[in-house]
Structures are given as C-alpha cells and as structure tokens.
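Here are my notes on this one, written as numbered points. Have the structure open while you go through them.

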Amino acid sequence: MMKLAVVIMMGLTANFAEAQATIPLLTVEPVSGGGSNYSVSLQVLLLMTALSLLPAMLLTMTSFTRVIVVLAILRQALGTAQTPSNQILLGLALFLSLFIMSPVLEQAYDTGLKPYMDESIEFEAALVNVQAPFRVFMLNQTREADLLMFAELGGYDGFHSDDDVPFKVLLPSFLTSELKTAFQIGFLVFIPFLVIDLVVASVLMSMGMMMLSPMLISLPFKLMLFVLIDGWSLIVGTLASSFVV
C-alpha cells in the first residue's frame, strides 16, 4: 500500500505541486504507543481500497456463501428454472446475511470504527478491533480439520491459540467449511423433492406414459408440498440458526 501511494505521488502533474506543499499526500508519524499515525489523505486512499474489496469481503468473511449456495440448490430441487430469479435470490441472501451478521457488525462498529471516528484510538488499533469480531465469527464456523489442512499446506506446525491463526489460513479454511455445510444442508433439502420425482416417474412408467416428462407432472406437487410446510420460513430459519455467532 505504501509503494502504491508513492507511485501515485510520482505520477502527479506539476499543477499539484503547490497543493502538495501545503497538504502532504503521504505522512506517517510515529506515536508514543509504538504505532503510527497516518495522514488524512492516506486514510482516504486506504478507505477507497477497502471499498473496492468490499464484494470479495462479503463473499469470504460473512454468511453470504452458505446462504446463496443453499438457496441455489433449493431452486434446483424445486425445478422452477429461473424462478425465483437470480436478483431475488441475491437480494434475499444479502439481507439475510446482514441479519445474521448484525451482532458482528455492531461489535466491530462499537469497538473499532466508532472510537476511531471519535479520535480516541489510532488507525492501527481500530483496524485490529474491527477485525476481531469477524475472526471470532469465522473461527466459530470453521472446521478444525479444514484449519489444520490449510495450516499444513502453509507450512505451519500448529497454533497455540485462535489469535495466532493468520488470515491467509483462516479465509480458505472458513470458505471450505462453509461450502461443506452448505452442501450438507442442500442435500437434506433436495431429498424430499427427489422422492416426489421418483414417485411420479414410477407412476408414469407403470401407466405407459414414458413420453411425458416426469418433471412437468411433479412440479405442481413439489410446489404444493413446499407451500404447505411453509418452506421459505423453514429454509430461512434453518439458515439463520445454523450459524454460531
């Protein structure tokens, strides 16, 4: 990040020379506690970089992955093609993830962002405080086997505590665990609709209607079953309660 800021400074035209003399673009001052105090312009640069990484952070550090995978499998099990549409599924997954992650976001705001905006802590301390709730959330969802696998691949012998786990090991471990959990939930969701498809296909074959598509006949029965058991509430409630916050 420091090198990127220096390159940007070197590429500025001469028209900014006077402004640069009064408003430094890159200023890092040591503080008494042993940290560093960054200039406002550098903090804005870091903020803009963080915003550009926001979609990747949404996919890798929240409950979004598990939710969207389960919803996609549910749509496939129902056999409704593009209904609900991708936009609806993404919107539902986004706001459900926001609901699930609200305690984590509130803790990150109260311990990191708000004190930094009040100028009571430095930028580095605020960054650590913001990361801490997300680390706890991700570790709670991560399987120990996945964590040990990526630690071994990364050349680590082991970790004495959760604080020693680096993000480059935690992120892939968390994503792998989320995919495993999502497919397990998806399997359980798929079974009832698969049974309906098999029953309908068997009935059609016994009646000699082999040219009639079983999916066409089973779709109303699957929709009726899903509505009768209040399927959306069950799916959303199960997903929300499956996370350890």
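1. Start with F193, which counts as buried at 4% relative accessibility (buried is under 20% relative accessible area, exposed over 50%, partly exposed in between, with a 1.4 Å probe and protein chains only). Before going on: this is a predicted model, where local features need pLDDT of at least 70 and side-chain atom pairs count only at pLDDT 80 or more, while totals for chains, interfaces and linings use all residues. Residues are numbered from 1 along each chain as its sequence is written, and side-chain values use heavy atoms, leaving out hydrogens and water.

2. What does F193 touch, leaving aside its neighbours within four places in sequence? The contacts (heavy atoms within 4.5 Å) are L74, A77, L78, K222 and F226.

3. Now the rings. The whole structure has 4 aromatic pairs (rings of Phe, Tyr and Trp, the last by its six-membered ring, with centres within 6.5 Å; planes under 30 degrees apart are stacked, over 60 edge-to-face, the rest tilted). One of them is F193 with F226, a tilted pair at 6.1 Å centre to centre and 50° between the planes. That pair links distant parts of the chain, 33 residues apart: F193 sits in helix α9 (residues 167-206) and F226 in helix α10 (residues 214-228). (Helices, H or I with at least four residues, and strands, E with at least two, are DSSP runs numbered from the N terminus.)

4. F226 is buried as well, at 7%. Its ring centre is 5.3 Å from that of W232 with the planes at 85°, so this pair is edge-to-face. W232 itself is partly exposed, at 34%.

5. Have a look at R66 next. Its partner in a salt bridge (a side-chain nitrogen of Lys or Arg within 4 Å of a carboxyl oxygen of Asp or Glu) is E178, with the closest N and O atoms 2.5 Å apart. R66 is in helix α5 and E178 in helix α9, 112 residues apart. Buried or exposed? R66 counts as buried at 2%, and E178 is buried at 0%. R66 also lies over the face of F243, 3.8 Å from the ring centre (the rule: NZ of Lys or CZ of Arg within 6 Å of the ring centre and within 35 degrees of the ring normal). F243 belongs to an aromatic cluster with F137 and F174.

6. The salt bridge count comes to 3. K180 and D146 meet at 2.8 Å, N to O; K180 lies in helix α9 and D146 in helix α8, so the pair ties together parts 34 residues apart in sequence. Here K180 is partly exposed at 37%, whereas D146 is buried at 3%. K222 pairs with D197 at 3.3 Å, and both K222 and D197 are buried.

7. G79 follows, with a positive phi near 75°.
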